[in-house]
Amino acid sequence: MKWTDEEIEILKQHYDKASTQELSIMLPNRAINQIRDKAHCLKIKLTKILWSDFMAKILVTGAAGYIGSVLVPLLLDKGYHVKVLDLGLFGLQGLDRVKDLIELEVGDIRRATVDDVHGCDAIINLAAFSNDPIADKWPEANMSINRDGVAALAAVAKAYGVPRFIQASSASVYDGLPENPLVTTEEEEVKPERGYALSKYESERVLFRAGLQCPIVVRKGTVYGWSPRMRYDLIVNTMLMSALTTNQITCFCGGVQYRPLISINDVAKMYVRLLEADSDKVSGEIFNVSFGNHQVLEIAFEIQKTLRNHAQLDIDVVVNNDPRVDRSYQIYDKKLFRRIGFEATESIGMVVRSMYDRICCKCMNQDFDNPLYYNIKWIDTALKIANTIPTTTKMCDIFH
Ligand SMILES: NC(=O)c1ccc[n+]([C@@H]2O[C@H](COP(=O)([O-])OP(=O)(O)OC[C@H]3O[C@@H](n4cnc5c(N)ncnc54)[C@H](O)[C@@H]3O)[C@@H](O)[C@H]2O)c1
């Protein structure tokens, strides 16, 4: 949004007496970082400036999802104001605990307006169709949300002048590269194969083309751990669910394929670190993020061992040698540490122990057959309902 002469005059008159907080009250249409950047352009130095004034308000899109429901409380704990924009595909209950502490808007990133980013200092875009089965079943809607949605949101961010935009991409963009043991860096030229991976790669490209001041891309490994909006369709969580319901973990395709993995708490901490990092260390960068690469069979044995030691459970690991080829990729994840000193710390065993305690001791999320925990099952169910009950047709518009 263009600065008016009147706004510039206020800034020039008060910059040396008022704090950045006071200036932002005098300039209600401006976020603090916009004031800082404008002052920089006008070559005036804000004297009463506080580092903590920056990054005060964060827009988190897709925040009612699995990762957002853990990230938002952490941002609030750190003192950030949080605004949420989410379509609510899986409900909004993941944010129940914090709903009175946030600005919540139910809406679509593809139709984001300047009002949605008003006053925001940064955007973390988690909104997406977030796995292969949904992307494969609804390829057009997937590309429309995962790529075009990012373009629309980035255009609004650019128009309003929100400088920092962190895009949740995925390590699955490496799915088309030659088989392991290739450990891939961010510099590798990728050739994403499946629809989800391709849409995530496209999201990175549109973000970097949007002309923002500080665009950042994170290619996360598959996430594990407990969230108030639980998912049991992610490899570690699925294996734990299977162990608890059938006393068995099955590894398909021989279990030889590799996956980079990371805990949900580490992911949330990583986003906070990226918000606070100096722009010159992160702007325009892609970061791989994981707690290492793990062979599927190794993950199963780790869960088996953890449940034996922690809960005296006897779980079988079954290897299915079907001839299907599953994707397999490994990432090199040290760039983030080199740039900003961030390193993931929570191992699979550690997280499985705490998930077990929540599920089995505190009786949380034990209704394993609830379709809400499995993205594709939930959307299929919701669409069936929407097709049957005419008042819920909005759902059909999204997945047409
Ligand atoms: N979970 C993982 O293992 C993992 C790994 C790598 C990358 N990612 C990426 O991280 C992000 C978050 O993943 P998650 O596991 O929390 O996903 P999720 O499926 O649990 O949540 C996605 C959220 O986005 C919302 N949403 C979808 N389309 C929207 C739109 N057009 N406008 C507004 N909101 C919309 C949904 O309502 C939902 O609340 C996604 O971008 C995903 O691709 C996830």
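This is a predicted model: local features need pLDDT of at least 70, side-chain atom pairs count only at pLDDT 80 or more; totals for chains, interfaces and linings use all residues.
Local features are given only where pLDDT is at least 70 and side-chain atom pairs only at pLDDT 80 or more, while totals for chains, interfaces and linings use all residues. Residue numbers start from 1 along each chain as its sequence is written.

The protein splits into domain 1 (5–52) and domain 2 (55–399), with bounds that come from an automatic or database domain assignment. Taken over C-alpha atoms, the centres of domain 1 and domain 2 are 36 Å apart. In the contact between them, domain 1 supplies 5 residues and domain 2 supplies 7 residues; two residues are in contact if their C-beta atoms, placed from the backbone, lie within 7 Å. On the side of domain 1 that touches domain 2 there are 2 nonpolar, 2 polar and 1 charged residues. In this division Ala, Val, Leu, Ile, Met, Phe, Trp, Tyr, Cys and Pro count as nonpolar, Asp, Glu, Lys and Arg as charged, and the others, Gly among them, as polar.

Helices and strands are DSSP runs numbered from the N terminus (helices H or I, at least four residues; strands E, at least two). Two strands pair if DSSP finds at least two bridges between them. Strand 1 (residues 57–61) contains Thr61 and runs parallel to strand 4, joined to it by 4 bridges. Asn125 in strand 4 is the bridge partner of Thr61. Thr61 counts as buried because it has 28 C-beta neighbours inside 10 Å; the cut-off for buried is 20 or more other C-beta atoms within 10 Å, for exposed 12 or fewer, with partly exposed in between, and C-beta atoms are placed from the backbone. Not counting residues up to four places away in sequence, the contacts of Thr61 include Leu85, Asp86, Ile109 and Leu153. Ser328, 267 residues from Thr61 in sequence, is 29 Å from it, C-alpha to C-alpha.

From strand 4 (residues 122–125), Ala122 and Ile124 point one way and Ile123 and Asn125 the other, and all are buried. Strand 4 also pairs with strand 5 in the parallel sense, over 4 bridges, with Ala122 opposite Arg164.

Strand 5 in turn pairs with strand 7 in the parallel sense over 7 bridges, and Ser170 stands opposite Lys220 in strand 7. In strand 7 (residues 214–220), 7 of its 7 residues are buried. Cys214, Ile216, Val218 and Lys220 lie on one side, and Pro215, Val217 and Arg219 on the other. Strand 7 runs parallel to strand 11 (residues 285–289) as well, with 5 bridges between them; there Val217 stands opposite Ile286.

The ligand has 31 residues around it, of which Gly62, Gly65, Leu89, Ala127 and Ala128 come nearest. A residue is near a molecule or strand if its C-beta atom, placed from the backbone, lies within 6 Å of it. Strand 2 (81–86), helix 7 (139–160), strand 5 (164–170) and strand 8 (222–224) each give two or more residues to this shell. The shell divides into 15 nonpolar, 10 polar and 6 charged residues.

Gly88 lies in the loop between strand 2 and strand 3 (103–106). Gly88 is partly exposed because 13 other C-beta atoms lie within 10 Å. Leaving aside neighbours within four places in sequence, Gly88 is in contact with Ala64 and Val106. Between the C-alpha atoms of Gly88 and Ala63, 25 residues apart along the chain, the separation is 9.1 Å.
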